[in-house]
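Dear colleague,

Please find below the structure that I am handing over to you.

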Amino acid sequence: MSDQFNFKVDIERGFESPQKFIPSKYFYDAAGDRIFQQIMELPEYYLTRSEAEIFEKKGGSIVDALPFKEAFEVVELGAGDGSKTKTLLQEMLRREMDFVYRPMDISRDVLGQLKAHMLEDLPTLSIDVLAGDYFHILPSLKVDPHPKLFLFLGSNIGNFQPAEAEAFIQMIANSMNSGDLLLVGMDLQKNPALIEQAYNDKAGVTADFNLNLLKRMNRELGANFNLDAFEFYSHYDPVRGFVNSYLVSLEKQIVYFSAMDKSFLFRKNELIHTELSRKFSGEQIDRLAFRTGFYVRKEFKDEKEYFVDSLWEKV
Ligand code: TRP
């Protein structure tokens with residue numbers, strides 16, 4: 001099935017639901033990738049810098065905490081550009097540890113670029129990419145006899161609804177053996193004003209990132225969204241730790257999609273949900289680990305305690 005077919009079906013499903021939504025994976029077309037790079041450089045968006053600081057300052061302690069006595073594997077889910085991981089791998093190589101790095105991604109292109117990029121700086125790295133979706137690859141890892149460190153960084157777990165986050169970690173857990181480790185990145189609950197600003201920056205880059213979804217539907221699905229008739233809105237609920245991002249329809253309007261020869265009605269002030277970005281408390285992290293069959297071995301935080309990379313051991 002083509003990506004375009006999925007996009008069409010996902011948008012139809014999202015716009016036919018009582019609370020309209022767009023699956024957040026559609027943020028990342030070529031333009032969206034560029035805007036996301038800008039988000040990561042915003043003064044308000046602390047997440048990337050906080051986690052990078054953890055790897056720079058605590059990378060050695062993370063490696064110290066690994067109990068592996070024999071050859072092991074580092075399996076990364078959603079590797080991205082791998083810059084944080086590189087700091088960690090570099091430290092492992094410096095200590096002459098015996099390991100293979102296995103980044104996992106649906107896209108062979110992404111993996112090819114990541115591999116080239118890694119080998120440029122770490123020419124002695126053993127790297128073996130895993131192309132495909134998690135549901136197919138993960139179960140095959142359990143039969144491999146090497147102990148493993150799994151990486152799920154960058155607060156990606158926060159973009160799942162709570163039940164889905166638990167199911168996703170459970171799926172990882174099911175592919176792990178007792179004693180294997182999972183290092184998971186999570187954004188922490190903090191002063192709510194700081195979180196609000198991170199998801200609604202002054203320069204309007206986050207707004208552009210969201211409005212780009214409408215541009216993408218216009219271009220790829222032949223929709224006729226008027227970009228001036230929608231506005232970005234985000235809201236942080238500090239009690240639950242949820243940032244929800246939306247597009248708001250500023251007027252009653254009908255949008256036509258030539259790709260499915262269908263129209264959708266947007267009421268005045270109707271919301272389209274675009275992303276959930278969860279912020280965790282220490283208690284929520286402990287509970288999530290416990291419920292999915294882990295115990296929290298060690299936590300690594302940045303100086304300001306904005307972000308945590310939590311090291312879990314499979315029981
Ligand atoms: N998904 C990432 C996050 O939750 C990226 C992101 C930053 C984002 N700002 C956003 C996604 C605004 C949607 C809307 O941090």
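The notes below take up the domains, then the sheet, and lastly the salt bridges.

Please bear in mind throughout that this is a predicted model.

Domains and their interface

The domain assignment of the protein chain gives two stretches for each domain: 3–25 + 200–278 make up domain 1, and 46–190 + 280–314 make up domain 2. Between the C-alpha centres of domain 1 and domain 2 the distance is 31 Å. Where the domains meet, nine residues of domain 1 are in contact with ten residues of domain 2. About 800 Å² is buried between domain 1 and domain 2, and carbon and sulfur atoms give 40% of that area. Of the area that domain 1 buries against domain 2, 68% is supplied by Tyr236, Leu276 and Arg278, more than by any other three residues.

As to the kinds of contact, three residue pairs are in polar contact across the interface of domain 1 and domain 2, whereas zero salt bridges are found there. Strand 10 (residues 271–278) contributes four residues to the side of domain 1 that touches domain 2, the largest share.

Seven strands form an open sheet with mixed pairing, and their order is 3-2-1-4-5-12-11. Strand 3 (130–131) and strand 11 (294–301) each have a single partner strand and stand at the edges, so one side of each is left without a neighbour in the sheet. Helix 6 (residues 134–141) packs on the sheet, where it touches strand 1 (72–77), strand 2 (99–105), strand 3 and strand 4 (148–152). The direction of helix 6 makes about 155° with that of strand 2.

Salt bridges

Side chains of opposite charge can pair when their charged atoms come close. For this model the count comes to 22 salt bridges. Lys57 and Glu53 are separated by about one helical turn, because they lie four residues apart in helix 3 (residues 47–64).

Yours sincerely

Note on methods
Residues numbered from 1 in each chain as written. Predicted model: local features only at pLDDT ≥ 70, side-chain atom pairs only at ≥ 80, totals over all residues. Heavy atoms only, no water. Pairing = 2+ DSSP bridges. Helix = DSSP H or I, 4+ residues; strand = E, 2+ residues; numbered from the N terminus. Contact = heavy atoms within 4.5 Å. Axes fitted to C-alpha atoms, helices over the stretch in contact; angles between N-to-C directions. Domains from an automatic or database assignment. Buried area = accessible area lost by both parts, 1.4 Å probe. Salt bridge = Lys/Arg side-chain N within 4 Å of Asp/Glu carboxyl O. Polar contact = N/O pair within 3.5 Å; in protein donor to acceptor, adjacent residues only side chain to side chain.
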